[in-house]
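Subject: Handover of a protein structure

Dear colleague,

Please find below the sequence and structure that I am passing on to you. I would be grateful if you kept the structure open while reading the notes.

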Amino acid sequence: MSDAEVIRVSPGWLALREPADAEARARDLAEALERALPVGGSRVIHDLGCGAGAMGRWLAPLLAGPQHWILHDRDEDLLARAAADVPGPAADGTPVTVEAMRTDIARMQASDLAGATLITASALLDLLSGEELERLARLCAGAGCPVLLTLSVVGRVEITPADPLDRRVAAAFDAHQRRPTGRGVLLGPDAVAFAARAFRRLGAEVLVRPSPWRLGAAHSALTAEWLSGWVGAAREQEIELAGECGPYARRRLAQAGVGELAVTVGHADLLVLP
Ligand SMILES: C[S@@+](CC[C@H](N)C(=O)[O-])C[C@H]1O[C@@H](n2cnc3c(N)ncnc32)[C@H](O)[C@@H]1O
């Protein structure tokens, strides 16, 4: 894959979103997961596209017993951050261990997941192409363990108060997420339905829960950063929007800055049970 096709995620953005992500994740799926995991023994958990390790910091304290997290990402800087900020302890006080692995998920092999008790990924599926996600579903199903896939965007954004340009920006952003690349057309907001179908075809049970961000005055920095990225992608996608996007972004950022915006960004979480 060429460097131009690699979507780089900044550590600052991941740090900014981590508290909102933690609030949004579907806790009942973590509870269902704990019930589905084998009792006793050390749990080996592979976190795919771990970024700076937020998934482990949220999930490890909700699971009991010894856990060894194997953190996979292709970004070495993020991997180093994830390995330095170890999650845990587990729900029963057991320390958690981690191991960082530089991995391109699109090229993972079944042997990379051998012995897994659990596979997780967060904010990853919508960045993949259909072909990549289909392959990943087969690999995960082959590992024969539960899979928790959280915070995939679903293409539902609500902003209050409404603005006449909201819908066009939202549609252009969704189109940008579904853009063709050298590794196929990215799934964007179609990833959750695609993953659920792929895992069900492979015979797994799939539970789906909404996990939206609900951003208000207390999240003004995250709202501003999200808005800039959202409008920027829309402008890149639909050149005709260029003239209107500048004033729109300034209007919306000013509202966010004084705590006048409420934004709901739709995500969904999936728990896959073999
Ligand atoms: C939006 S970030 C989410 C990070 C983290 N899971 C979280 O929830 O904070 C997506 C992560 O997936 C990684 N990623 C995307 N495609 C990948 C691939 N093919 N192989 C390995 N890592 C990948 C990126 O480097 C990035 O760290």
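The structure is a predicted model, in which local features need pLDDT of at least 70 and side-chain atom pairs count only at pLDDT 80 or more, while totals for chains, interfaces and linings use all residues. Residues are numbered from 1 along each chain as its sequence is written, and side-chain values use heavy atoms, with hydrogens and water left out.

The protein as a whole

The protein contains nine helices and 10 strands; helices (H or I, at least four residues) and strands (E, at least two) are DSSP runs, numbered from the N terminus. The radius of gyration of the protein is 19 Å, close to the 19 Å that the globule rule gives for 274 residues, so the protein is as compact as a globular protein of that length. That radius is taken over C-alpha atoms, and the globule rule is 2.2 Å times the number of residues to the power 0.38. Along its principal axes, the C-alpha trace spans about 60 × 40 × 35 Å.

Of the 274 residues, 49% count as buried. Buried means under 20% relative accessible area, exposed means over 50%, and partly exposed lies in between (1.4 Å probe, protein chains only). The accessible surface of the protein comes to about 12200 Å², and 54% of that surface belongs to carbon and sulfur atoms. Accessible areas come from the Shrake-Rupley method with a 1.4 Å probe; for residues, only the protein chains shown count as cover.

Among contacts (heavy atoms within 4.5 Å) with a separation of 6 or more, 84% are accounted for by residues 24 or more positions apart.

Strands that pair

Which strands pair with β4 in the parallel sense? Strand β1 (residues 43-48) pairs with β4 over four bridges, and strand β4 (residues 118-122) pairs with strand β5 (residues 147-160) over four bridges. Two strands pair if DSSP finds at least two bridges between them.

Individual residues let you trace these pairings. Leucine 48 stands opposite alanine 121 in β4, and alanine 121 in turn stands opposite leucine 149 in β5. Threonine 120 stands opposite leucine 148 in β5.

Are the faces of β4 covered or uncovered? Both faces are covered: Leu118, Thr120 and Ser122 are buried on one side, and Ile119 and Ala121 are buried on the other. Five of the five residues of β4 are buried.

Residues around arginine 17

Arginine 17 lies in helix α1 (residues 11-24). With a relative accessible area of 10%, arginine 17 is buried. Which residues does arginine 17 touch, not counting residues up to four places away in sequence? They are Ala123, Leu151, Trp213 and Leu222.

Alanine 123 has a positive phi of about 55° although it is not a glycine. Alanine 123 is found in the loop between β4 and α5 (130-143), and it counts as partly exposed at 25% relative accessibility. Leucine 151 also has a positive phi, near 55°, and is a residue other than glycine. Leucine 151 is found in strand β5 and is buried, with a relative accessible area of 1%.

Further residues in loops

Histidine 219 lies in the loop between β9 (213-215) and α8 (220-237). Histidine 219 is buried at 18% relative accessible area, and it touches Glu23 and Arg214, not counting residues up to four places away in sequence.

Where are cis peptide bonds found? One runs from glycine 88 to proline 89, with omega near 5°; proline 89 lies in the loop between α4 (76-84) and β3 (96-102). Another joins threonine 160 and proline 161, where omega is about 0°. Proline 161 is placed in the loop between β5 and α6 (166-177).

Yours sincerely,
A colleague
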